[in-house]
Amino acid sequence: MALDTNALRHAGIAPDGGSAAAVEGRAAIFEMTQAAEDAVLRPKDEGPWSHELRVALAARIATLNGEADLAAQYADGACAFADLADPQNDGAAQGLAEVVAFMDKVAIDTRNVVAADISGLQAAGVADADIVRLAELNAFLAYQIRVIAGLRLMKGAFA
């Protein structure tokens, strides 16, 4: 059975391409990657971060990391939060300025995230468990974007 995951699609790995055999040998990794995506973007218990908000933030993170196609896919499901997919939107109109600023900083300036960034979210009323949910989203996107980049390199090696 051919694998069909977002990471493979966005890396341009075709089920019948030259790198397909290498991917099939690591099928469990790609299946778990897709399961992680589903768990982070569409969890059963979404907490205060709806599925639509999560994909809007995912689109934003993908854009900030130069992954336009991945961003477009996620933005497509953002519905009422579609404006947040645009990094030019600071989230103030949606009452999410602190959340958006935190997500942007983690996405593009991770090494400079400090305790004050977390306490800023707490001061804005974000519960600790919900801060963890935000961090999980950002961590997954960082992983997924790197997997896609790695797959593209692998695809080039098989071309």
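Which residues does Gln144 touch, not counting residues up to four places away in sequence?

Tutor: This is a predicted model, in which local features need pLDDT of at least 70, side-chain atom pairs count only at pLDDT 80 or more, and totals for chains, interfaces and linings use all residues. Residues are numbered from 1 along each chain as its sequence is written, and side-chain values use heavy atoms, with hydrogens and water left out.

Gln144 touches Asn6, Ala7, Glu37, Leu70 and Tyr74, with residues up to four places away in sequence not counted. Contact here means heavy atoms within 4.5 Å. Gln144 lies in helix 8; helices are DSSP runs (H or I, at least four residues), numbered from the N terminus. Gln144 counts as buried because its relative accessibility is 0%, where buried means under 20% relative accessible area, exposed over 50% and partly exposed in between (1.4 Å probe, protein chains only).

Tyr74 is also in contact with Leu41, a residue of helix 3. Leaving aside neighbours within four places in sequence, Leu41 contacts His51, Arg54, Val55, Ala58 and Leu137 as well. Leu41 is buried, with a relative accessible area of 0%.

Tyr74 and Leu137 are among the residues that touch the most other members of the largest nonpolar core, which has 43 residues. A nonpolar core is a set of buried Ala, Val, Leu, Ile, Met, Phe, Trp, Tyr and Cys residues joined through side-chain atoms within 4.5 Å. Several helices supply at least two residues each, including helix 3 (27-41), helix 5 (68-75) and helix 8 (128-158). Helix 8 gives the most, with nine residues.
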